[in-house]
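These are my notebook entries on one chain, written while I went through its structure. I begin with the overall fold and then turn to single residues.

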Amino acid sequence: MDEQDPGEDPIETVFRNGTVTTVGILLAFSLGFITHWAANPIPWRAYHLVAVLPILAGIALQMRALALLLDIKSLQRRVYERANRIFIAGLIFTACGVGLAILLDFFDIATKSALPGAG
């Protein structure tokens, strides 16, 4: 922490540890969702990439944020805030992708049940 700006207040380790826990739990949920969706009995189509790509980008951003937060330098406020911004961006990407996945599955199921022989 020698490189830290002397006027900058460091982040409390307890606070940072809580953030690491939160990021880890939400990352685990994101990975669990993509794993569960991959095992979905509905066959994958090319249009599912519309949902998969933001989910994977969001997961990558969440992993980057976790890596930044696990570094001792994350006790510096600027590093901590940067990791938080990256995490929030990853969470937004993942949430948008999950929403799209749910809509795609809903419309796929609705189309198949509304039109006999469609598929």
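**Entry 1: terms and fold.** I take helices (H or I, at least four residues) and strands (E, at least two) as DSSP runs, numbered from the N terminus. On that basis I find 3 helices and 0 strands in the protein chain, and the elements run α-α-α from the N terminus on. The model is a predicted one, so that local features need pLDDT of at least 70 and side-chain atom pairs count only at pLDDT 80 or more, while totals for chains, interfaces and linings use all residues. Residues are numbered from 1 along each chain as its sequence is written, and side-chain values use heavy atoms, with hydrogens and water left out.

**Entry 2: totals.** I looked up burial, where buried means under 20% relative accessible area, exposed over 50% and partly exposed in between (1.4 Å probe, protein chains only). Of the 119 residues of the protein chain, 33% count as buried. The accessible surface of the chain (Shrake-Rupley method, 1.4 Å probe; for residues, only the protein chains shown count as cover) comes to about 7400 Å², and 70% of this belongs to carbon and sulfur atoms. For contacts, meaning heavy atoms within 4.5 Å, I noted that residues 24 or more positions apart account for 75% of those with a separation of 6 or more.

**Entry 3: the core.** Next I looked for a nonpolar core, that is, a set of buried Ala, Val, Leu, Ile, Met, Phe, Trp, Tyr and Cys residues joined through side-chain atoms within 4.5 Å. The largest has 20 residues, and W37 and L69 have the most contacts inside it. Helix 1 (13–38), helix 2 (49–70) and helix 3 (77–114) each supply at least two of its residues, with the largest share, 8 residues, coming from helix 2.

**Entry 4: Q62.** Is Q62 buried or exposed? I find that Q62, which sits in helix 2, is buried, with a relative accessible area of 0%. Not counting residues up to four places away in sequence, Q62 touches V23, L26, L27, S30, F87, G90, L91 and T94. I also noted that Q62 and R85 are 23 residues apart in sequence and 10.0 Å apart in space, C-alpha to C-alpha.

**Entry 5: T19.** T19 is placed in helix 1 and counts as buried at 12% relative accessibility. Leaving aside neighbours within four places in sequence, T19 is in contact with L69, Y80 and N84. I looked for polar contacts (N or O atoms within 3.5 Å; within protein, one must be able to donate a hydrogen and the other to accept it, and residues adjacent in sequence count only if both atoms are side-chain atoms). The side chain of T19 makes one with the side chain of Y80, at 2.7 Å. From T19 to L66 the C-alpha distance is 9.1 Å, across 47 residues in sequence.

**Entry 6: aromatic rings.** Rings of Phe, Tyr and Trp (its six-membered ring) pair if their centres lie within 6.5 Å; planes under 30 degrees apart count as stacked, over 60 as edge-to-face and the rest as tilted. Searching the whole structure gave 3 aromatic pairs. The ring centres of F15 and Y80 are 5.8 Å apart and their planes lie at 50°, so this pair is tilted. Because F15 lies in helix 1 and Y80 in helix 3, the pair ties together parts that are 65 residues apart in sequence. F15 is exposed, at 52% relative accessible area, whereas Y80 is buried, at 6%. F33 and W37 form a stacked pair, 6.3 Å centre to centre with 25° between the planes. They are 4 residues apart in helix 1, which means a separation of about one helical turn. F33 is partly exposed at 24%, and W37 is buried at 5%. F33, W37 and W44 form one aromatic cluster.
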